[in-house]
Amino acid sequence: MTSRVQVIQPTFAPSRLPDNGKRFYIWTIGCQMNEADSSRVAAMLMEAGYRATDSEATADIVILNSCVVRQAAEDKVAGRLNALIREKRQRPDMSLVLTGCMVTNQQEKLAQRFPHVDLFFDPSDFDTFKAFVPELSDLEDDLETLPHYYVDTATDARVSAYVPIIYGCNFLCSYCIVPYRRGKERSRPMAEIVSEVEHLVQRGVRDVTLLGQTVNAWGHDLDGDAGLADLLRAVDGVEGLERLRFLTSHPKYMGDDILEAMADLPTACEHLNLPVQAGNNDVLKRMRRTYTVDLWVDRIQKARELMPGLTVATDIIVGFPGETDEQFDDTLTVLREAELDKVHVAMYSPRPGTLSARWEDDVPADVKHARHTAVEQQQHDISERLNQKRLGESVEVLFDSFNKGRWGGRSRGNTLVHVEDSRPLLGKMADIRITETTPWYVMGSVVGDPR
Ligand code: SAH
Ligand code: SF4
C-alpha cells in the first residue's frame, strides 16, 4: 500500500446537491482504507450541503486522516497539525477534525499535544463524526445507504471506487501497528457489499476495488462458509460493472478457489497484490508472517498458470531487526526470480507497542537506505524489460486523469498508460496500442472508438 496525499470528493455531481454555503477540506495520508474513509466523510458532508474546497484557509471544517504505519507518516501528520495552529487562532470558528490510525486509543494524549483540534474520531467511526456536525444529524436515514466514494479531484473521472469489505486484521506481524489500531477482523455482509456496488455502478462507477488489510480473510468471521471467491462471483454479477480488483491479500489465505474465481470472472482484473515482505525464511519467522518463501512463490506460480499475462505487485520491508547482508540478498534473489511488475519497498520503522519495537533496531540507517536503493534499482531494470516486451501489444485502458496534455489511465493489469488524443477520454475505456515504454509507464495510441 502506498502513502499518497489526496483531496477526496464524492462521485456524484455536486449540482444535484444542496449548497449550505459551508466548505470542507480533507487531507489524507496512508492506505486505501483511509482514502475510502475520507471519501465517505466527503460524501456525507456533500449530502448535507457542504462543498469541497482546495485549501484549509477557505474551509469551515478541516479533516485530517492520519496514518501511523511508519514514523515518517506520523511525522507528516504532526507537521500538518502544527501548521494549522495559526489558522485556528485566526479563525476560531473553523472546525479541525483528526481521524485515522493515529487516533485509536490515543485521544487523551493527542488532546494534550494538539489542543487546537476540536474532534478526534476513530477510523470508520462515522457515528461520532455525524454527532459532531449539526447538519449531519438530519440526514440519518439517507446516510445509512450512502456508499463509500473515491475519486481524485485532480482527475474527477468518477469511474473508480474503493469498497471496504473487511475491517481490522487478526494477524500479529511483529513490526505492524495495524491490528492495534484497527482491531479484529470484521467482515461486512455479502448482501450489503453487493448492494453498495450496485449503487455505485448506477452512479457511473465502472471499476471497483474491494478493500481490506487482509482482504482474502473475508467471510472467516461470518456465519456460513462463504469466502472471498464467493464474494467475487457475487460482485461480478452486478450488471454494468466492468472491472473488479481486491487488495491487500495475505499469502496464507490465497487459496486456489480465489485464484480460480479470478481466472473465471470476466470483471476480475488480471492483477494480484501479494505482499511477501522478505525473501528469507528466518526473517519471515521473526516478522511472524506465518508462511515461508516457498508458499508465496507457489501462490504466484499457480496464479500465473491460471491467468497468463497476470501482473503481480508485492510489498517489501528492508532493514528489519537482525536482517543480515545474506538474508537481504535472499530477498533480492527471490524478487529477481519472480520478475514482478511492481515492488513497494519500505525501510523498517519501529512502531511503539509492537513486538519488534522491543528488539534492537540494529540495521544502520545507511544500510537500510542502500538496501532500499538496491531493491528499487533491480526492480527498475525488471520493469523496464517487462514493459519493453509489451511494445506493439494492445491493452484496454480506463482513463482517469488528464495532465500536461496527456490522458492517463490503467490497463486491467494496472499498468499506467499515457495517451495524447484530441477526444475527451476522461472516464472512458479504450483499446490502446503500445508505442513507447519506460520502466514506470507506457505510451500508446487509441485504436477504434473510446466507449
Ligand atoms: N496487510 C498488509 C499490509 C499492511 S501495512 C500485509 O499484510 O501485507 C502496509 C505496508 O506497510 C506493509 O506491507 C509493509 O510493507 C509496510 N509496513 C508495515 N509496518 C511497517 C513498519 N513498521 N516499518 C516499515 N514498513 C512497514
Ligand atoms: Fe499488519 Fe500483518 Fe495484519 Fe498486514 S497481516 S495488517 S502486515 S499485522
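How close do the axes of helix H10 (residues 228-236) and helix H11 (residues 256-264) come, and at what angle do they cross? They come within 8 Å and cross at roughly 20 degrees.

## Before you start

This is a predicted model, in which local features need pLDDT of at least 70 and side-chain atom pairs count only at pLDDT 80 or more, while totals for chains, interfaces and linings use all residues. Residues are numbered from 1 along each chain as its sequence is written, chains are lettered from A and ligands numbered from 1 in the order in which they are written, and side-chain values use heavy atoms, with hydrogens and water left out.

Helices (H or I, at least four residues) and strands (E, at least two) are DSSP runs, numbered from the N terminus. Two strands pair if DSSP finds at least two bridges between them. Axes are lines fitted to C-alpha atoms, for helices over the stretch in contact, with angles from 0 to 180 degrees between N-to-C directions.

Let us return to the opening pair. On the H10 side, Leu228, Ala229, Leu232 and Arg233 meet Asp257, Ile258, Glu260, Ala261, Met262 and Asp264 of H11, where contact means heavy atoms within 4.5 Å. Sorted by class, this contact has six nonpolar, no polar and four charged residues. Here Ala, Val, Leu, Ile, Met, Phe, Trp, Tyr, Cys and Pro count as nonpolar, Asp, Glu, Lys and Arg as charged, and the others, Gly among them, as polar.

H10 has another partner to look at. The axis of helix H9 (residues 190-202) comes within 9 Å of that of H10, and the two cross at roughly 30 degrees. This crossing is right-handed. Met190, Ile193, Val194 and Val197 in H9 meet Asp230, Leu231, Ala234 and Val235 in H10, a contact made of seven nonpolar, no polar and one charged residues.

## Helices H14 and H15

Further along, helix H14 (residues 325-338) and helix H15 (residues 365-389) have axes that come within 10 Å and cross at roughly 15 degrees. That makes H14 roughly parallel to H15. The crossing of H14 past H15 is right-handed.

From H14, Asp325, Phe328, Leu332, Leu335 and Arg336 meet Arg371, Ala374, Val375, Gln378 and Ile382 in H15. These residues divide into six nonpolar, one polar and three charged.

Five strands form an open, parallel sheet in the order S2-S1-S3-S4-S5. At its edges are strand S2 (51-52) and strand S5 (119-120), each pairing on one side only. Within the sheet, strand S3 (residues 61-66) and strand S4 (residues 95-100) pair in the parallel sense over six bridges, and Asn65 stands opposite Thr99 in S4.

Two helices accompany these strands. Helix H1 (residues 32-47) lies across strand S1 (23-28), S3 and S4, running at about 175 degrees to S1. Helix H2 (residues 71-83) packs on the sheet and touches S1, S3 and S4, with its direction at about 150 degrees to that of S1.

## Other strands

A three-stranded open sheet has the order S11-S12-S13, with parallel pairing. Strand S11 (271-273) and strand S13 (342-347) stand at the edges with a single partner strand each, so one side of each is left without a neighbour in the sheet. Strand S12 (residues 311-318) pairs with S11 in the parallel sense over three bridges, and His271 stands opposite Thr311 in S12.

Strand S15 (residues 406-411) and strand S16 (residues 416-419) pair in the antiparallel sense over four bridges. Their hairpin has four residues between the strands, and there Asn414 takes a positive phi near 75 degrees.

## Around ligand 2

Which residues surround ligand 2? They are Cys169, Phe171, Cys173, Tyr175, Cys176, Val178, Pro179, Gln213, Thr214, His250 and Arg289, counted if one of their heavy atoms lies within 4 Å of the ligand. The shell has seven nonpolar, three polar and one charged residues.

Conventions: Parallel < 35°, antiparallel > 145°, perpendicular 65-115°, else oblique. Left-handed = near helix turned anticlockwise from the far one by under 90°.
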